[in-house]
Amino acid sequence: MKAIYILTVFVLALSGKAHSQWQEIGSYTGGGMTSMKVNTTGDLFFTTASYNYPSGQSAGIYRILNGTFLTTIINPSSSFMYNARTIETSGYRRIYASCWVNPSTENEGLYLSNNNGNSWTRTYDAGASNNIFSIFVPDTLSGMVFAGTRNGVIKSTNSGMNFTQVNAELPANSWVYDIDKIGVNLVLAT
């Protein structure tokens, strides 16, 4: 018997009331949610992993428009996807996502959308035996993008089109699961 997992997204209405409750806004197939972000206009983007690849349920990238429960799948590939690992938004319409369409024929890669997920460009190939665990965009204007991988941190200064390693003082083979900013400093979860 094949198991089917359902991912459920809940929203907690933050208000002055002490009895705020979680509200379900949708259930999605797959192996579980891997990441979520909200852009500057309040649209919610999230990624899911596949379940029982390749014969089970596909991974996906989803968008829920602000003020609605209207969910749209916005995958960069029309085929079955193995994994959509992490997502980051920058400004109003720019989205970065780490996806792995088919582990038999390609590596995990970084995809960029400049139109709120309506179309995608693959900007970076992570290479064999590597993953992109996290993506961080410090601001919307500089074109700077950081990604956490199995081999430390990579940095782009041209909106993700080219990357260089920035691993000075970082232990070798550090897997970087998350990147964030405190003041003018970046912090890593490894």
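**Ground rules**

This is a predicted model, so I note that local features need pLDDT of at least 70 and side-chain atom pairs count only at pLDDT 80 or more, while totals for chains, interfaces and linings use all residues. Residues are numbered from 1 along each chain as its sequence is written, and side-chain values use heavy atoms, with hydrogens and water left out.

**Sheet**

I started with the strands, which are DSSP runs (E, at least two residues) numbered from the N terminus. Four of them form an open sheet in the order 3-4-5-6, with antiparallel pairing. Strand 3 (33-38) and strand 6 are at the edges with a single partner strand each, so one side of each has no neighbour in the sheet. From one strand to the next the twist averages 20°; the axes behind such angles are lines fitted to C-alpha atoms, and the angles run from 0 to 180 degrees between N-to-C directions.

Then I looked at one pairing up close. Two strands pair if DSSP finds at least two bridges between them, and strand 3 has five to strand 4 (residues 44-48), running antiparallel. S35 sits opposite T47 of strand 4.

**Aromatic rings**

Next I went for the rings. I found eight aromatic pairs in the structure. The rule for Phe, Tyr and Trp (its six-membered ring) is centres within 6.5 Å, with planes under 30 degrees apart called stacked, over 60 edge-to-face and the rest tilted. Y82 and W100 have ring centres 5.3 Å apart and planes at 90°, so I logged the pair as edge-to-face. Y82 is in the loop between strand 6 (71-73) and strand 7 (83-90) and W100 is in strand 8 (residues 94-100), so the pair ties together parts 18 residues apart in sequence.

I checked burial too (buried is under 20% relative accessible area, exposed over 50%, partly exposed in between, with a 1.4 Å probe and protein chains only). Y82 is partly exposed at 31%, whereas W100 is buried at 17%.

**Salt bridges**

How many salt bridges does a search of the whole structure find? I got three, counting a side-chain nitrogen of Lys or Arg within 4 Å of a carboxyl oxygen of Asp or Glu.

R85 and E108 meet in one of them, at 3.0 Å from N to O. R85 is in strand 7 and E108 in the loop between strand 8 and strand 9 (109-113), so this pair ties together parts 23 residues apart in sequence. Buried or exposed? R85 counts as buried at 18% relative accessibility, and E108 counts as buried at 1%.

R122 forms a salt bridge with E106, with the closest N and O atoms 3.6 Å apart. That links distant parts of the chain, as R122 is in strand 10 (residues 121-125) and E106 in the loop between strand 8 and strand 9, 16 residues apart. R122 is partly exposed at 30%, and E106 is partly exposed at 26%. R122 also forms a salt bridge with D125, at 3.4 Å between the closest N and O atoms; D125 is partly exposed at 39%. Shared partners join E106, R122 and D125 into one network.

**Strand 10, one more residue**

While there I looked at Y124, also in strand 10. Y124 is buried, at 18% relative accessible area. Its C-alpha atom is 7.3 Å from that of G160, 36 residues apart along the chain.

Last, I went through the backbone. The Y53 to P54 peptide bond is cis, with omega near -5°, and P54 is in the loop between strand 4 and strand 5 (60-64). N52 is in the loop between strand 4 and strand 5 and has a positive phi of about 60° although it is not a glycine. N52 is partly exposed at 37%.

I also noted N173, a residue other than glycine with a positive phi near 60°. N173 lies in the loop between strand 14 (164-165) and strand 15 (178-182), and at 59% relative accessibility it counts as exposed.

Definitions and conventions:
Helix = DSSP H or I, 4+ residues; strand = E, 2+ residues; numbered from the N terminus.
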